[in-house]
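Reader: I am new to this. Could you take me through the terms used for this structure?

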Amino acid sequence: MFKLTPISLLLWVTTVINAGGCMVSWKRRDAKGGLYFALAMMAITGWTLASALDYAAISIPLKVLFAKIEYVCYHIAFVFFLMFSLAYAGREAWLKKVWVQGVLWSVPILNSVLAWTNEWHGWLWSGFTSSETGDNVVIFHHGPGFVWVAASNYLAIGLIFLNLWYAMRRSSELTRQQARLLIGATLIPIAGNLLYLLEIIPKTQGVDWTSLFFSFSGILFLMALYGTRLL
(Lines give C-alpha, C1' and ligand atoms only; values in the text may rest on other atoms or scores of the structure.)
Protein backbone atom coordinates (compact mmCIF):
# COMPACT_ATOMS: atom_id res chain seq x y z
CA MET A 1 0.00 0.00 0.00
CA PHE A 2 2.89 2.37 0.72
CA LYS A 3 6.38 3.02 -0.58
CA LEU A 4 8.93 5.17 1.23
CA THR A 5 10.29 7.77 -1.20
CA PRO A 6 12.63 10.76 -0.67
CA ILE A 7 9.66 13.14 -0.80
CA SER A 8 7.62 11.19 1.75
CA LEU A 9 10.70 10.89 3.99
CA LEU A 10 11.23 14.67 3.90
CA LEU A 11 7.57 15.15 4.80
CA TRP A 12 7.95 12.81 7.79
CA VAL A 13 10.81 15.03 8.98
CA THR A 14 8.63 18.10 8.38
CA THR A 15 5.84 16.52 10.44
CA VAL A 16 8.21 15.87 13.35
CA ILE A 17 9.38 19.52 13.27
CA ASN A 18 5.80 20.79 13.20
CA ALA A 19 4.83 18.40 16.00
CA GLY A 20 7.54 19.97 18.14
CA GLY A 21 6.07 23.42 17.54
CA CYS A 22 2.63 22.00 18.25
CA MET A 23 3.66 20.65 21.67
CA VAL A 24 5.40 23.87 22.70
CA SER A 25 2.53 26.10 21.61
CA TRP A 26 -0.05 23.86 23.31
CA LYS A 27 1.74 24.42 26.63
CA ARG A 28 1.34 28.17 26.03
CA ARG A 29 -2.26 28.07 24.83
CA ASP A 30 -3.45 30.29 27.70
CA ALA A 31 -1.47 33.25 26.33
CA LYS A 32 -3.10 35.88 24.13
CA GLY A 33 -4.00 34.14 20.87
CA GLY A 34 -2.20 31.03 22.11
CA LEU A 35 -5.09 28.61 21.64
CA TYR A 36 -5.58 29.70 18.02
CA PHE A 37 -1.87 29.27 17.32
CA ALA A 38 -1.73 25.85 18.98
CA LEU A 39 -4.78 24.61 17.07
CA ALA A 40 -3.30 25.93 13.84
CA MET A 41 -0.07 24.05 14.52
CA MET A 42 -2.09 20.87 15.17
CA ALA A 43 -3.81 21.28 11.81
CA ILE A 44 -0.48 21.95 10.05
CA THR A 45 0.99 18.81 11.63
CA GLY A 46 -2.01 16.82 10.40
CA TRP A 47 -1.57 18.33 6.94
CA THR A 48 2.10 17.41 6.56
CA LEU A 49 1.40 13.94 7.98
CA ALA A 50 -1.38 13.37 5.44
CA SER A 51 0.91 14.72 2.72
CA ALA A 52 3.64 12.26 3.73
CA LEU A 53 1.12 9.41 3.48
CA ASP A 54 -0.12 10.81 0.16
CA TYR A 55 3.35 10.67 -1.43
CA ALA A 56 4.01 7.24 0.09
CA ALA A 57 0.67 5.72 -1.02
CA ILE A 58 0.91 3.62 -4.16
CA SER A 59 -2.66 3.47 -5.49
CA ILE A 60 -4.31 6.59 -6.89
CA PRO A 61 -7.55 6.18 -4.81
CA LEU A 62 -5.44 6.09 -1.64
CA LYS A 63 -3.51 9.18 -2.74
CA VAL A 64 -6.78 10.99 -3.42
CA LEU A 65 -8.07 10.03 0.05
CA PHE A 66 -5.04 11.56 1.75
CA ALA A 67 -5.25 14.61 -0.51
CA LYS A 68 -8.80 15.16 0.76
CA ILE A 69 -7.56 14.92 4.36
CA GLU A 70 -4.86 17.47 3.49
CA TYR A 71 -7.54 19.85 2.24
CA VAL A 72 -9.42 19.68 5.53
CA CYS A 73 -6.29 20.12 7.65
CA TYR A 74 -4.72 23.06 5.89
CA HIS A 75 -8.02 24.91 5.53
CA ILE A 76 -8.53 24.56 9.28
CA ALA A 77 -4.96 25.80 9.75
CA PHE A 78 -5.71 28.89 7.63
CA VAL A 79 -8.70 29.77 9.79
CA PHE A 80 -6.87 29.41 13.10
CA PHE A 81 -3.78 31.24 11.85
CA LEU A 82 -6.02 34.06 10.67
CA MET A 83 -7.74 34.14 14.07
CA PHE A 84 -4.33 34.17 15.78
CA SER A 85 -3.14 37.03 13.56
CA LEU A 86 -6.23 39.06 14.45
CA ALA A 87 -5.63 38.48 18.16
CA TYR A 88 -1.92 39.21 17.76
CA ALA A 89 -2.72 42.53 16.07
CA GLY A 90 -5.05 43.48 18.94
CA ARG A 91 -8.23 42.87 17.01
CA GLU A 92 -9.79 40.15 19.18
CA ALA A 93 -13.10 42.04 19.17
CA TRP A 94 -13.56 41.02 15.54
CA LEU A 95 -13.55 37.36 16.55
CA LYS A 96 -16.61 37.93 18.74
CA LYS A 97 -18.73 38.97 15.77
CA VAL A 98 -20.98 36.19 14.50
CA TRP A 99 -20.73 37.26 10.86
CA VAL A 100 -16.92 37.27 11.01
CA GLN A 101 -16.91 33.71 12.36
CA GLY A 102 -19.40 32.76 9.64
CA VAL A 103 -17.15 34.13 6.88
CA LEU A 104 -14.01 32.61 8.41
CA TRP A 105 -15.48 29.10 8.48
CA SER A 106 -17.80 29.08 5.46
CA VAL A 107 -15.04 29.27 2.83
CA PRO A 108 -12.91 26.41 4.29
CA ILE A 109 -16.01 24.26 4.70
CA LEU A 110 -17.04 24.92 1.08
CA ASN A 111 -13.54 24.11 -0.20
CA SER A 112 -13.37 20.91 1.84
CA VAL A 113 -16.79 19.84 0.56
CA LEU A 114 -15.54 20.44 -3.01
CA ALA A 115 -12.67 18.03 -2.33
CA TRP A 116 -14.73 15.32 -0.67
CA THR A 117 -17.44 15.35 -3.36
CA ASN A 118 -15.05 15.64 -6.32
CA GLU A 119 -16.06 12.21 -7.67
CA TRP A 120 -19.52 13.60 -8.37
CA HIS A 121 -18.53 16.75 -10.31
CA GLY A 122 -14.75 16.85 -11.03
CA TRP A 123 -14.65 20.59 -10.37
CA LEU A 124 -11.55 20.42 -8.19
CA TRP A 125 -9.61 17.57 -9.80
CA SER A 126 -10.55 16.60 -13.34
CA GLY A 127 -8.25 13.58 -13.52
CA PHE A 128 -5.13 11.83 -12.24
CA THR A 129 -2.11 10.54 -14.15
CA SER A 130 1.26 9.18 -13.13
CA SER A 131 4.06 11.74 -13.38
CA GLU A 132 6.94 11.19 -15.79
CA THR A 133 9.25 11.99 -12.89
CA GLY A 134 8.26 8.60 -11.44
CA ASP A 135 9.07 7.99 -7.79
CA ASN A 136 5.42 7.33 -6.96
CA VAL A 137 4.20 10.83 -7.92
CA VAL A 138 0.74 11.41 -9.40
CA ILE A 139 -0.36 14.57 -11.22
CA PHE A 140 -3.67 16.01 -10.02
CA HIS A 141 -5.22 17.75 -13.02
CA HIS A 142 -7.13 20.82 -11.89
CA GLY A 143 -10.75 21.59 -12.66
CA PRO A 144 -12.43 25.03 -12.64
CA GLY A 145 -13.06 24.88 -8.88
CA PHE A 146 -9.32 24.85 -8.20
CA VAL A 147 -9.07 28.51 -9.27
CA TRP A 148 -11.59 29.46 -6.59
CA VAL A 149 -9.83 27.40 -3.93
CA ALA A 150 -6.43 28.90 -4.76
CA ALA A 151 -7.81 32.45 -4.81
CA SER A 152 -9.59 32.06 -1.45
CA ASN A 153 -6.46 30.56 0.12
CA TYR A 154 -4.27 33.40 -1.10
CA LEU A 155 -6.82 35.88 0.22
CA ALA A 156 -6.59 34.25 3.67
CA ILE A 157 -2.79 34.35 3.54
CA GLY A 158 -2.92 38.00 2.51
CA LEU A 159 -5.10 38.86 5.52
CA ILE A 160 -2.73 36.96 7.84
CA PHE A 161 0.21 38.89 6.39
CA LEU A 162 -1.54 42.25 6.81
CA ASN A 163 -2.36 41.56 10.46
CA LEU A 164 1.20 40.50 11.23
CA TRP A 165 2.55 43.53 9.37
CA TYR A 166 0.23 45.78 11.39
CA ALA A 167 1.48 44.24 14.64
CA MET A 168 5.10 44.60 13.53
CA ARG A 169 4.71 48.29 12.70
CA ARG A 170 2.96 49.31 15.90
CA SER A 171 4.57 47.29 18.71
CA SER A 172 7.78 46.81 20.69
CA GLU A 173 11.07 45.56 19.28
CA LEU A 174 10.43 42.08 20.69
CA THR A 175 7.03 41.91 19.00
CA ARG A 176 8.61 43.11 15.75
CA GLN A 177 11.13 40.26 15.96
CA GLN A 178 8.30 37.79 16.52
CA ALA A 179 6.26 39.24 13.67
CA ARG A 180 9.19 39.07 11.25
CA LEU A 181 9.66 35.38 12.00
CA LEU A 182 5.92 34.72 11.64
CA ILE A 183 5.80 36.63 8.35
CA GLY A 184 8.75 34.62 7.07
CA ALA A 185 7.04 31.38 8.14
CA THR A 186 3.93 32.54 6.23
CA LEU A 187 5.75 33.52 3.02
CA ILE A 188 7.97 30.44 2.66
CA PRO A 189 5.08 28.02 1.84
CA ILE A 190 3.81 30.56 -0.71
CA ALA A 191 7.11 30.22 -2.55
CA GLY A 192 6.67 26.44 -2.53
CA ASN A 193 3.11 26.74 -3.81
CA LEU A 194 4.17 29.02 -6.66
CA LEU A 195 6.86 26.51 -7.66
CA TYR A 196 4.07 23.93 -7.90
CA LEU A 197 1.51 26.07 -9.71
CA LEU A 198 3.94 27.57 -12.23
CA GLU A 199 5.96 24.34 -12.64
CA ILE A 200 9.20 26.29 -12.34
CA ILE A 201 11.45 23.35 -11.45
CA PRO A 202 11.89 21.04 -14.46
CA LYS A 203 10.94 17.36 -14.22
CA THR A 204 9.01 17.76 -10.95
CA GLN A 205 5.48 17.88 -12.36
CA GLY A 206 3.00 16.73 -9.76
CA VAL A 207 5.19 17.60 -6.78
CA ASP A 208 3.49 20.18 -4.54
CA TRP A 209 6.33 21.88 -2.69
CA THR A 210 4.02 23.73 -0.30
CA SER A 211 3.93 21.12 2.45
CA LEU A 212 7.64 20.36 1.96
CA PHE A 213 8.55 24.00 2.53
CA PHE A 214 6.67 23.92 5.82
CA SER A 215 9.76 22.30 7.37
CA PHE A 216 11.41 25.73 7.11
CA SER A 217 8.26 27.39 8.46
CA GLY A 218 8.26 24.96 11.39
CA ILE A 219 11.84 25.96 12.21
CA LEU A 220 10.88 29.65 12.15
CA PHE A 221 7.90 28.93 14.40
CA LEU A 222 10.21 27.21 16.89
CA MET A 223 12.61 30.17 16.70
CA ALA A 224 9.72 32.51 17.49
CA LEU A 225 8.51 30.31 20.37
CA TYR A 226 11.94 29.84 21.93
CA GLY A 227 14.08 32.70 20.65
CA THR A 228 11.57 35.54 21.09
CA ARG A 229 9.27 33.99 23.72
CA LEU A 230 6.20 34.02 21.49
CA LEU A 231 3.04 33.33 23.55
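This is a predicted model: local features need pLDDT of at least 70, side-chain atom pairs count only at pLDDT 80 or more; totals for chains, interfaces and linings use all residues.

Reader: What makes Lys-32 and Glu-92 a salt bridge?

Author: Their side chains come to 3.9 Å, N to O. The rule asks for a Lys or Arg nitrogen within 4 Å of a carboxyl oxygen of Asp or Glu, so the pair qualifies. The two residues sit in distant parts of the chain, 60 residues apart. Lys-32 lies in the loop between helix H1 and helix H2. Glu-92 lies in the loop between helix H3 and helix H4.

Reader: Why is Lys-32 called partly exposed?

Author: Its relative accessible area is 48%. Buried means under 20% and exposed means over 50%, so Lys-32 falls in between. Glu-92, at 31%, is partly exposed too.

Reader: How do you know whether Lys-68 is buried or exposed?

Author: Lys-68 has a relative accessibility of 7%. Buried means under 20%, so Lys-68 counts as buried. Its salt-bridge partner is Glu-119, with the closest N and O atoms 2.6 Å apart. Glu-119 is in helix H5 and Lys-68 is in helix H3, 51 residues apart.

Reader: And why is Glu-119 called exposed?

Author: Its value is 54%.

Reader: What makes Glu-173 and Arg-180 a pair?

Author: Their side chains meet at 3.2 Å, N to O. The limit is 4 Å, so this is a salt bridge. Arg-176 joins in as well: salt bridges that share partners link Glu-173, Arg-176 and Arg-180 into one network. By the same rule, the count comes to four salt bridges.

Reader: How do you know that the span of helix H7 is close to the expected one?

Author: H7 has 26 residues and reaches 37 Å from its first C-alpha to its last. At 1.5 Å a residue, 38 Å is expected. After H7 comes Glu-199, with a positive phi near 50°.

Reader: What classes of residue line the largest pocket?

Author: The lining divides into 16 nonpolar, five polar and one charged. Leu, Val and Ala count as nonpolar, so Leu-82, Val-103 and Ala-156, among the residues closest to the centre, belong to that class. H6 gives the largest share, eight residues.

Reader: What about the second largest pocket, by class?

Author: Its lining has nine nonpolar, five polar and two charged residues. Glu-199 is among those closest to its centre. Glu counts as charged, so Glu-199 goes in that class.

Notes: Residues are numbered from 1 along each chain as its sequence is written. Side-chain values use heavy atoms; hydrogens and water are left out. Helices (H or I, at least four residues) and strands (E, at least two) are DSSP runs, numbered from the N terminus. The expected span of a helix is 1.5 Å times one less than its number of residues. Buried means under 20% relative accessible area, exposed over 50%, partly exposed in between (1.4 Å probe, protein chains only). On a 1 Å grid over the protein atoms alone, a cavity is a set of points where a 1.4 Å probe fits but cannot get out, and a pocket is an open set with protein on both sides within 12 Å along at least five of seven lines; lining residues have an atom within 4 Å of a point.
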